[in-house]
Amino acid sequence: MMLLKILFRNAFRNRLRSGLTIMGITVAILAFGLLRTVIDAWYAGVESASVSRLVTRNAISIIFQLPLAYREKIRQIEGVKHVSYGNWFGGVYIEEKNFFPNFCVEPKTYMTIYPEFVIAPGEMKAFLADRKGCVAGRKLAARFGWRIGDTITLKGTIYPGNWEFVLRGIYRGRDQTIDESQFFFHWDYLNETLKQASPQRADHVGFYIISVTRPDLSPEVALAIDSTFKNSLAETLTETEKAFNLGFIAMSGAIVTAIQMVSFVVILIIMAVVANTMAMTTRERIGDYAIMKTMGFGGGAIAMIIFGESLVIALTGSLAGMALTYPAAAAFGHSLSNYFPIFLVSRETLWLDLLAALLIAFCAAIIPTRHAIRVGIADGLRRIG
Amino acid sequence: MAVPLSYSMRNLWKRRLTTVLTVSGMALVVFVFAAVLMMAEGLQKTLVDTGSYDNVVVVRKGSSSEVMSGIARLQASIVEMLPQMAIGPGGRRLVAKEVVILIALQKRGERKSSSHSNVVVRGVQESSLLLRPQVKLVSGRLFRPGSSEVIVGNSIAKGFKGVDLQGTLNWGMRRWTVVGVFDAGNTGFSSEIWGDADQVMQAFRRPVYSSILFRLRDPDAFEAAKKAVETDPRLTLEAKRETRYYLDQSEVMAKFLRILGMSLTVIFSIGAVIGAMITMYSAVANRIGEIGTMRALGFRRLSILAAFLAESLLLGFIGGIAGLFFASFMQLITVSTVNFQTFSELAFRFTLSGPIALQAMAFSLVMGLVGGLLPALRAARMKIVEALRAA
C-alpha cells in the first residue's frame with residue numbers, strides 16, 4: 001500500500017510533464033486501437049463467413065463464368081444440401097463514388113443458404129413474385145433514403161445499359177457482424193435481358209453457393225465438385241466461403257501489412273516519449289536515489305520504484321485511451337461505413353492495448369533504471385537539481 | 001542582440017539521451033508521413049508512366065477498366081478505319097486490338113492455396129509493341145504469332161510461381177510456354193503476361209476484344225477522334241487518352257492511401273509534439289538560473305524566446321532529416337498489391353520526390369515549433385529577480 005502511494009506521488013510530482021505524457025499515451029493507444037479495428041474490419045467478411053458453405057467459381061479467375069448446366073450436376077453430389085448461384089453485377093448507382101456490392105442471385109435458394117439475412121415474410125413474398133424486384137440491406141437503404149416500392153436505377157459496367165429495379169424488401173442482419181449494405185436482385189432478370197441483348201453471355205453464372213449437410217463434409221464435397229468438372233472447358237475451383245473471402249484479402253495483403261506495421265510504429269513513438277519522461281524524472285531524482293541507497297535500499301527497490309512509476313503513467317494513459325476508443329470507433333465507423341460496413345472494437349484489441357501499455361512502461365524504464373542503479377552514492381549526492 | 005545559436009546546440013548535446021529520444025519520436029512520425037506519401041506517389045507515377053499522351057484507348061462505354069469492356073469484331077473494324085490514326089513503318093496503321101483477361105496465379109513463397117492474385121493476361125498484336133516503346137525484351141525471345149507462347153513482365157516473373165523462362169502455364173485446356181521476359185520499367189505492363197491476341201481469345205472462349213489502342217497522327221487530333229468514336233451510332237464505345245485512362249485507374253487507390261496517411265500522421269504527430277513539449281519544458285525548468293543571468297546580462301525577452309524556439313526547431317530539423325534518411329531507403333522496396341479499381345495485380349515502388357521531401361521537412365519543423373512554443377513563452381516571460389532567486 002505504502003509503495004503504491006509513493007508511486008502515485010512520484011508519478012504526479014511534475015504534474016505538467018506527467019499530464020502531457022499521459023495525454024500522449026492516450027492518443028497513441030487510441031490510434032493503435034483504431035488501427036487494429038481497421039484491420040479487424042478488413043477481415044470482417046472472413047469472420048462472418050461460414051465453413052459449411054462452399055463457393056464454386058471458374059478456376060481461371062473470377063472474371064470467367066460457369067455454365068448454368070453445372071447446377072444440376074452439383075446437386076447430384078453427395079453431401080450437397082442446397083445450391084444457389086449468382087453474378088457479381090457491378091452496377092453503379094448515379095455516381096461511381098456511391099459504390100455498394102450488388103449481386104444478382106437465384107433468390108429462393110440464396111435466402112435459404114443465408115439465414116443471417118433476415119427479411120419479413122411479406123416482403124420476401126413480394127420480392128419473389130416480382131422479377132424486377134430487389135432487396136437492399138438496412139444500412140444501404142438508409143444511406144440513400146430508399147423506401148419499399150421505390151424504383152432504383154443502376155448503370156451497368158459489366159452488363160451495359162441502365163437497369164431498373166423496384167425495392168421489394170429490406171433485410172436486416174441477424175447480429176451486428178452481418179453486412180447490411182448489400183443489394184440483391186433476380187438472376188432471371190439479368191439472364192432474360194441478356195438472352196435478347198447478347199445471347200452468348202446468357203445462361204452463365206459467376207459463382208455457385210453450396211450448403212453442405214454436415215460442415216465436416218466440406219472438403220470432400222469441394223473435391224468431388226472440382227473433379228466432376230476436371231478437363232472441361234470451364235474447370236471449377238471450390239473453396240469454403242471463408243477461404244474464398246480470405247483470398248480477396250490476401251490480394252490486398254500489402255496494405256494490411258502496412259497498416260499493421262504502422263500500428264506498431266505508433267507504439268514505438270510513444271515509447272520514445274515515455275522513455276524521455278522517465279529519463280528526466282530519474283535525472284531530477286538522482287539525489288533521492290542516492291539517499292535511499294545510503295539508507296540501505298538496494299538496486300531492486302529503486303528499480304521497483306522507477307518501473308512502478310512508469311507503469312502508473314502508462315496504465316493511466318492507456319485506460320483513458322481504451323475508454324475513448326469506443327466513441328472514436330463509432331464516429332470513425334459511421335463516416336467510413338461505405339468502405340467498412342462492419343466496424344466493431346473487439347475484445348482482442350483491448351487486450352493488445354493493455355499489452356502495448358505494459359510494453360511501453362517496461363521498455364521506457366529500462367535505461368533510466370540502469371542509470372539510477374549504477375550511479376555511485378557520493379556522485380548522486382553531489383549532483384544538484 | 002540574439003543569443004548565439006551555439007547555445008541552443010550545446011544544450012541539446014548536453015542532454016543527449018533526452019535529445020535522442022525526442023528526435024527519434026519525431027523521426028518516426030516523419031518516416032510514416034513520408035512513406036505513405038511515397039507509396040501514393042509511386043502508385044500514381046507507375047500508372048501515369050504506363051500511358052503515353054499520343055495514344056488513345058477505346059473501351060466499351062461505362063467500363064472503367066479493360067477487363068470489364070468488350071468490343072465486338074465488327075465494331076473493332078469500324079474503329080480501325082479512323083482517319084486520325086498514325087501510320088507506322090511499312091505503311092501499316094498503328095493500331096492494336098487487344099484482349100485483356102485476368103487469371104489467378106499463385107504468389108511465390110506462400111504455400112496457402114488462397115494466396116492467389118489476379119494477373120492480367122493481354123492478348124496483343126504485332127503493333128502493340130510499336131505502340132508501347134517502354135516494353136523491352138530482357139531475356140528469351142518474343143512469342144511466335146499463332147502459337148501457345150507467352151512473354152511475361154519482370155514483376156510477374158519475380159513475384160509468381162511457374163512463370164520463369166521455359167515455365168508452363170495451363171489455361172483453356174492448353175499448355176502455354178513462357179519464352180521471354182520483358183522489362184517495362186516502372187509501368188503497369190511489368191505486371192502483365194502477353195500472348196497472341198487471337199490465341200488468347202480462342203483459349204478463353206472470349207470472342208470479343210477488350211480494347212483498341214491507337215496512336216494519333218497528330219496529338220491535337222484527339223477531340224476529332226473522340227467525337228468520331230462516340231457519336232457513331234454503330235458503336236457503344238468511348239475513347240480516352242492513354243494517360244488519362246491510367247490516371248483514372250490510380251485515383252481511388254492513391255486517394256485512399258493519401259487519406260490514410262494524412263489521418264495517421266496527424267494523430268501520430270500529437271504524440272511527437274507532446275514529446276517535444278516535455279523536453280522543452282524541462283529544458284526551461286532546468287535552466288531558470290541561466291535564463292535569469294542572460295536577462296540580467298541584457299538579453300531581451302524576444303531573444304530568449306528565439307533561443308528556445310531555435311532549440312526546438314533544431315530538434316524538429318534533426319528529426320526530419322533522420323526520418324527522411326530512413327524513408328529514402330524505402331525506395332528500394334517494391335510493393336505488389338491489387339488495384340481495387342481494375343482488380344488486378346500491380347507492382348510499384350516507393351518514390352521519393354522533391355515535394356514530398358519538402359513537405360516532410362516542413363511538417364517536422366512545424367512539430368518542433370508547436371512543441372516549443374509554450375515552453376519558450378514561459379522562458380521569455382520569467383521575471384529577472386525571481387529567476388535569479390530560483391537558481
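Colleagues, the model before you is predicted: local features need pLDDT of at least 70, side-chain atom pairs count only at pLDDT 80 or more, and totals for chains, interfaces and linings use all residues. Residues are numbered from 1 along each chain as its sequence is written, while chains are lettered from A and ligands numbered from 1 in the order in which they are written.

Let me begin with the interior. A residue is called buried if 20 or more other C-beta atoms lie within 10 Å of its own, exposed if 12 or fewer, and partly exposed in between, with C-beta atoms placed from the backbone. A nonpolar core is a set of buried Ala, Val, Leu, Ile, Met, Phe, Trp, Tyr and Cys residues joined through C-beta atoms within 7 Å. The largest such core has 170 residues, and the members that touch the most others are A:Val274, A:Ile360 and B:Ala34. Which helix gives the most to this core? Helix α2 of chain B (residues 16–50) does, with 19 residues; helices (H or I, at least four residues) and strands (E, at least two) are DSSP runs, numbered from the N terminus. Another core, of 46 residues, lies apart from it and includes A:Val55, A:Val83, A:Phe127 and A:Phe229.

I turn to the two chains together. Contact here requires that the C-beta atoms of two residues, placed from the backbone, lie within 7 Å. By that criterion, 47 residues of chain B are in contact with 41 residues of chain A. On the chain B side, the elements giving two or more residues are α2, β2 (95–106), β3 (116–124), α8 (242–286) and β11 (334–339). The largest share, 14 residues, comes from α8(B). By class, this side of chain B has 24 nonpolar, 20 polar and three charged residues; Ala, Val, Leu, Ile, Met, Phe, Trp, Tyr, Cys and Pro count as nonpolar, Asp, Glu, Lys and Arg as charged, and the others, Gly among them, as polar.

Next, the helices of chain A. Helix α11 (253–284) packs against helix α14 (residues 347–374) at an angle of about 35°, with their axes 8 Å apart. Axes are lines fitted to C-alpha atoms, for helices over the stretch in contact, and angles run from 0 to 180 degrees between N-to-C directions. The crossing of α11(A) and α14(A) is right-handed; a crossing is right-handed if the near helix is turned clockwise from the far one by less than a right angle, and left-handed if anticlockwise. Among the residues that make the contact are A:Met271 and A:Val274 of α11(A) and A:Ile360 and A:Cys363 of α14(A). The contact has 15 nonpolar, two polar and no charged residues.

Helix α14(A) also meets helix α2 of chain A (residues 15–42): their axes come within 10 Å and cross at roughly 140°, again in a right-handed crossing. Here the contact includes A:Ile25 and A:Arg36 of α2(A), with A:Asp353 and A:Ile360 of α14(A). Its residues divide into seven nonpolar, three polar and three charged. Beyond four places in sequence, A:Ile360 is in contact with A:Ile25, A:Ile267, A:Ile270, A:Met271, A:Val274 and A:Ala314.

How do α1(A) and α13(A) lie relative to each other, roughly parallel or roughly perpendicular? Helix α1 (residues 2–11) and helix α13 (residues 299–335) of chain A pack at an angle of about 65°, with their axes 9 Å apart. They are therefore roughly perpendicular, the term for angles of 65 to 115 degrees, whereas angles under 35 count as roughly parallel, over 145 as roughly antiparallel and the rest as oblique. Their crossing is right-handed, and the contact has eight nonpolar, two polar and one charged residues.

I close with three residues in loops. B:Phe340 is in the loop between β11 and β12 (344–349) of chain B. B:Phe340 is partly exposed because 14 other C-beta atoms lie within 10 Å. Not counting residues up to four places away in sequence, B:Phe340 touches B:Val252 and B:Met253.

A:Asp203, in the loop between α8 (187–197) and β10 (204–205) of chain A, has a positive phi near 60° without being a glycine. A:Asn231, in the loop between α9 (218–228) and β12 of chain A, has a positive phi of about 60° although it is not a glycine. A:Asp203 is partly exposed, with 13 other C-beta atoms within 10 Å, and A:Asn231 counts as exposed, with 7 C-beta neighbours inside 10 Å.
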